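Hi,

Here is the model I promised to pass on. Have a look at it first, and then read my notes below.

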Amino acid sequence: LNMFPVNSATAFEFAEEAACFHVLQDAQTAEERIIALDKAILVFDHIDEIEHDYAIDRGLGEILCWRLQALLSNNSSASSSSSLGYSVLSEDIACEEFIPEELEEVAKTISVLEMIHRCTAEKLQESFDSIHVNLIPLLFETIERYMSLIIHHSCNNDWPFIAVSNCVKLVGYFSTLVNGHILLDRHNPYLNVMLQVLSFRPRSADDVMIDVVIWALWLLSTYPFKHKLLSKDGFIDFVISSAKGVNSNREMKEGSIVCLLNLLEFEEAQKTMVSNDRFLIFLITIMEEPCCPVAERRDIWMKYHAAKAARLLCTPAVNADRLCLFENGVFVRTLVNLVMADCEAWNAACGLCHLANNSELARNSMLYRPDFIDILAKTALSNSNGAIAAEALSKLLPNMESFDAFTRIVRLMTIRSNFCMNAAVEAILERMSVSEKTRIMMASDESMISILIEMSRNYKNTYVMSQATKAIFFFTLEDQCKDKIRGDQDIVFALCDVIRQAKIGESSKSSDFHASAAYATVALCNLCVDGESDDNILTVLIA
C-alpha cells in the first residue's frame with residue numbers, strides 16, 4: 001500500500017481495485033469470471049477520474065480486451081459471416097443459441113471497460129493508443145452481433161442492450177481524442193455499425209435503446225469526414241427516421257437535427273441535401289412549431305438548429321430557385337414567418353437575404369410583404385452580418401410597389417453611413433432608372449429630395465456622396481424634374497458645397513470627390529436656363 005494516498009478511505013478504495021485486478025486475472029471458470037466482473041462493476045461504477053487512471057495504469061484495459069477477444073472467438077460459431085468483414089448474427093438465430101453465461105460475460109466485460117475509461121483525457125489517450133488496434137474491431141463486432149438480436153427482438157434478457165450500449169459509449173469516448181475519429185475510421189465497419197444502431201426503431205417512448213441511438217447521433221455529429229457521410233446510401237433518411245419515429249423523443253429529434261446541421265457545414269452537402277424532400281419537410285416542420293416564450297429549452301434549441309440549417313441551405317446560389325419553388329413557396333414563407341414572429345429571426349433573415357440576392361423568384365415573393373422588408377432593414381442596421389441584408393435590400397427596394405414604403409425604408413437605411421446607406425442610394429438610382437414617370441414622382445417628393453441632399457453632404461462616405469449627387473444630376477436632365485427642383489435652394493446649396501469640397505486640401509485626390517464635383521457642375525449648368533440664374537450658381541462656376 002506504499003503507492004496509495006495517505007487518506008485511509010482512498011487507500012481502501014485503491015486496495016479494493018487492486019484486489020479486483022488479481023481476481024480478474026486469476027479467474028479460470030465462467031462462474032469465477034462473472035463473480036469477479038460483478039465485483040469490478042461495484043468497485044468501478046463511479047466518476048472519480050483518478051481512480052480510473054490507476055486502473056488504466058495497472059493494465060486492466062489490456063486484460064479485459066484480451067478476455068473479450070477470447071469470448072467472441074468462443075461464440076463465433078453461433079454467427080454467420082458479415083458483409084462488413086465481421087461475424088454478424090443471422091436473422092433466424094435466436095438468443096438461446098448463444099450460451100447465456102457468455103452473453104452475460106461479454107456484456108459485463110464491456111461494462112467494466114466502459115467504466116475504467118471514465119478517466120482523465122491523458123489516460124484515455126494512453127489506453128486508446130495501447131489497445132485500439134485490438135479493441136475497436138471487437139467493439140464493432142459486438143455491436144453488429146447484438147444489434148441483430150435487439151432489432152429482431154430475439155432475446156428475452158438485457159445483456160445484448162448492455163453490451164451494445166457500452167460499446168457505443170466507448171466509441172464515443174475515443175472519438176473525442178485528437179486522433180480518435182481518424183483511427184476509428186480506419187476500420188471499415190465504423191459508419192456501417194453506427195447506421196445499424198440508427199436503424200433501430202424504439203418500441204415505446206421509454207425504450208432503453210433510445211439513449212444508445214442518441215449516443216450514435218451525437219457521435220456522428222462530430223465525425224470529421226463529411227464527404228463519407230454524404231456518400232453513404234440512406235444516411236440522411238436513417239437520421240430523419242430516427243427523429244420522426246412514432247416513439248422518438250425530443251432528445252432523438254435534437255440529436256438528429258444537430259447531426260444533419262453539422263453535415264451542412266460541408267459546402268458540398270449544402271448543394272446535395274437541398275434535393276432531399278424529406279429533409280426539407282423535416283426542417284420546415286420544426287420551424288413551423290409555435291414560438292412559445294415558455295417552451296422547453298430543448299424545443300428552443302431544435303428550432304435554432306433547424307433555422308441555422310435552413311440558412312446554410314440558402315447560401316449556395318444554385319439552391320435558391322429550388323428552395324423558392326419547394327411546395328409552392330412554403331420554405332420561403334416559413335422563414336418569413338420566423339422573422340415576423342421574431343423567433344430565430346437572425347438565421348431566418350440571413351437565409352432570406354441569400355435567397356433574395358440569388359433568386360428573382362425569392363424577391364418577388366418577398367415584395368408582397370413590406371412589413372418584412374422593414375424588418376430586414378432593421379436587421380441590416382443592427383446585425384453584425386448586416387451587409388448581407390443590405391445587399392438584399394438594394395435588390396428588393398427598387399421594385400417595391402408602394403413608393404411611401406420605399407421612401408420610409410430608404411430613410412431608415414440612411415441612419416448609418418455604412419453599407420446600409422450604400423444600399424439605400426443604390427436602390428434610389430435603380431428605382432430612378434425604371435421610367436420617366438418614376439423620376440418625376442421622386443423629384444416631387446420632398447422627403448426623397450431631403451434624403452438625397454443629406455447624402456450629397458456625407459463627405460465621410462464619398463461613395464454615397466458621389467451617387468447621391470449623380471441622382472440629383474439625373475433629375476436635371478428632364479424639364480419636368482427641373483421645374484420641380486429649381487426653386488429648392490437647398491439643392492443648389494448642396495451642389496455648390498460638393499464643388500467646393502472637391503477643392504479643399506487633400507480631398508481633391510479622391511476620385512469620388514472628382515466624380516461628385518463633375519455631376520454637381522453639370523447639374524448646376526442644367527439648372528441655369530436664363531440670365532437670371534441664382535447668384536450662388538454663378539459664383540461657384542466662376543470660381
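Let me start with a helix pair. Helix α21 (residues 370–382) packs against helix α22 (residues 386–396) at an angle of about 140°, and their axes are 8 Å apart. Axes here are lines fitted to C-alpha atoms, for helices over the stretch in contact, with angles running from 0 to 180 degrees between N-to-C directions. Helices (H or I, at least four residues) and strands (E, at least two) are DSSP runs, numbered from the N terminus. The α21/α22 crossing is left-handed, a term that applies if the near helix is turned anticlockwise from the far one by less than a right angle (clockwise would be right-handed).

On the α21 side, the residues involved are I373, L376, A377, T379 and A380, and they meet G386, A389, A390, A392, L393 and L396 in α22. Contact means heavy atoms within 4.5 Å. The residues of this α21–α22 contact divide into 9 nonpolar, 2 polar and no charged.

Some housekeeping before the rest. This is a predicted model, with local features needing pLDDT of at least 70 and side-chain atom pairs counting only at pLDDT 80 or more, while totals for chains, interfaces and linings use all residues. Residues are numbered from 1 along each chain as its sequence is written, and side-chain values use heavy atoms, with hydrogens and water left out.

Now the overall picture. There are 31 helices and 2 strands in the chain. It has 543 residues, of which 55% count as buried; buried means under 20% relative accessible area, exposed over 50%, and partly exposed in between (1.4 Å probe, protein chains only). Of the contacts in the chain with a separation of 6 or more, 72% are between residues 24 or more positions apart.

Helix α4 (residues 60–74) has 15 residues and reaches 21 Å from first to last C-alpha, close to the 21 Å expected at 1.5 Å a residue. The expected span is 1.5 Å times one less than the number of residues. Among the buried residues of α4 are I63, L64, C65 and R67. Then there is helix α6 (residues 121–151): a straight helix of 31 residues would span 45 Å, but α6 spans only 34 Å between its end C-alpha atoms. Where does α6 bend? At H132, by about 80°, the bend being the angle between axes fitted to the seven residues ending there and the seven starting there. In α6, 22 of the 31 residues are buried, so this helix is largely enclosed by the rest of the structure.

Helix α9 (residues 189–198) is also worth a look: 9 of its 10 residues are buried, so it is largely enclosed by the rest of the structure. The buried residues of α9 include P189, Y190, Q196 and L198. They pack against α6, α7 (159–175), α8 (180–185), α10 (209–221), α11 (226–231) and α12 (235–244).

F235 lies in α12 and counts as buried at 1% relative accessibility. Not counting residues up to four places away in sequence, F235 touches L195, L220, L229, C259 and L263. F235 and N192 are 43 residues apart in sequence, with 9.8 Å between their C-alpha atoms.

S256, in helix α13 (residues 250–264), is buried with a relative accessible area of 0%. Neighbours within four places in sequence aside, S256 is in contact with L217, V239, S242, A243 and F282.

Last stop: the stretch around α18. E327 is partly exposed at 49% relative accessibility, whereas N328 is exposed at 71%.

Within helix α18 (residues 330–340) lies T334, which is buried at 5% relative accessible area. T334 touches I284, M287 and E288, leaving out residues up to four places away in sequence. T334 and M287 are 47 residues apart in sequence and 7.0 Å apart in space, C-alpha to C-alpha.

Cheers

Note on methods
Ala, Val, Leu, Ile, Met, Phe, Trp, Tyr, Cys and Pro count as nonpolar, Asp, Glu, Lys and Arg as charged, and the others, Gly among them, as polar.
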